[in-house]
Amino acid sequence: MPLGLGRRKKAPPLVENEEAEPGRSGLGVGEPGPLGGSGAGESQMGLPPPPAALRPRLVFHTQLAHGSPTGRIEGFTNVKELYGKIAEAFRLPAAEVMFCTLNTHKVDMDKLLGGQIGLEDFIFAHVKGQRKEVEVFKSEEALGLTITDNGAGYAFIKRIKEGSVIDHIQLISVGDMIEAINGQSLLGCRHYEVARLLKELPRGRTFTLKLTEPRKAFDMISQRSAGGHPGSGPQLGTGRGTLRLRSRGPATVEDLPSAFEEKAIEKVDDLLESYMGIRDTELAATMVELGKDKRNPDELAEALDERLGDFAFPDEFVFDVWGAIGDAKVGRY
């Protein structure tokens, strides 16, 4: 059967609140619940999960990236709840938290917190800093931006391609949150929606970006932070395992990804950037999870449509994802 035969794709909405997301491409709001035990949110043999008092208590240390005392947070199951806990610890509005990095206070996109946190990772929270408005002349079809989001309604710049249109505008930096394009608010938009809007802007015209940069520590002022590098892959802690945050259901403690999973996730994330202008290791991990046991590309296409239908992935992209997962399985890196 040819790939994609009979597939019906629905176009994603232009603006969609993260709370309404049926499945996670980034990280959405999950059902309230305590942290899961090892490997799954429910016990073996079909029994209900153990009482909350008997589940492991996971405590993480955190600081504000621009400088603060160390705080302790626990009891979150998704990114929005994590930001809420950080806000409580430092007495900030939760909306002030832009994104988090692991084990560094710098705006390092290789250390961006995604869907997994190493159990011994230190969390640095980057909060809103200076707002700015920039006019950009779109002289080329591609602006040279890679977009990601924080899982809580903010899309921001993860990478700027060297020599691109945006690279020549020093006021725009990696880590800047994209608040609006030509006055249209993007708060609540997913990364792929923002990337699509930027791509659809007409060439040869000027448009306006409203941005908010993360507040910087003294040693970061006047630096233009570098984006993540292709092939760097997600940076996880080297502790006993990872806490995986999910869009629905409790967070779960899992083993570190296998070598196959790490490489497959890296390759799928590269494909997301190539086809869609976004990077999202948790979305890539979900796609690898859906595809690793599928027998052919059509089965993968059906699984992606069912779980991630809002993305309306093109057939050629699905075929390349199938190939990337297959290559990683047999060690063709």
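I'll start at the beginning of α1, where a side-chain oxygen of N78 comes within 3.2 Å of the backbone nitrogen of K80. Please keep in mind that this is a predicted model.

The helix itself covers residues 79–90, so to speak of its length: 12 residues, with 17 Å from the first C-alpha to the last, close to the 16 Å expected at 1.5 Å a residue. Its buried residues are V79, L82, Y83, G84, I86, A87 and F90. An α-helix has 3.6 residues a turn, so residues three or four places apart point the same way. The cover over the buried residues of α1 includes β1 (60–64), β2 (71–73), β3 (97–102), β4 (116–118) and β5 (123–137). Just after the helix, R91 has a positive phi of about 55 degrees.

Now the whole chain. The protein chain has six helices and 12 strands. It counts 333 residues, 51% of them buried. Among contacts with a separation of 6 or more, 68% are between residues 24 or more positions apart. The accessible surface is about 15,600 Å², and carbon and sulfur atoms hold 50% of that.

Next, the strand pairing. Which strands does β10 pair with here? One is β5: the two run antiparallel and are joined by eight bridges, with β10 spanning residues 206–214. In that pairing K132 is opposite L211 of β10. Another is β8, residues 177–181, which pairs with β10 in the antiparallel sense over four bridges. There, I181 stands opposite L209 in β10.

Last, the aromatics. The structure has seven aromatic pairs.

Why is the pair of F311 and F313 called stacked? Their planes are at 5 degrees, which is under 30, and their centres are 5.2 Å apart, within the 6.5 Å limit, so the pair is stacked. Are these two buried or exposed? F311 has a relative accessible area of 6%, so F311 is buried. F313, at 2%, is buried as well. F311 and F313 also belong to one aromatic cluster, together with Y192, Y275 and F317.

Terms used
Residues numbered from 1 in each chain as written. Predicted model: local features only at pLDDT ≥ 70, side-chain atom pairs only at ≥ 80, totals over all residues. Heavy atoms only, no water. Buried < 20%, exposed > 50% of the residue type's maximum accessible area, 1.4 Å probe, protein only. Contact = heavy atoms within 4.5 Å. Areas by Shrake-Rupley, 256 points an atom, 1.4 Å probe, with all protein chains shown as cover. Polar contact = N/O pair within 3.5 Å; in protein donor to acceptor, adjacent residues only side chain to side chain. Pairing = 2+ DSSP bridges. Phe/Tyr/Trp six-rings, centres within 6.5 Å; stacked < 30°, edge-to-face > 60°.
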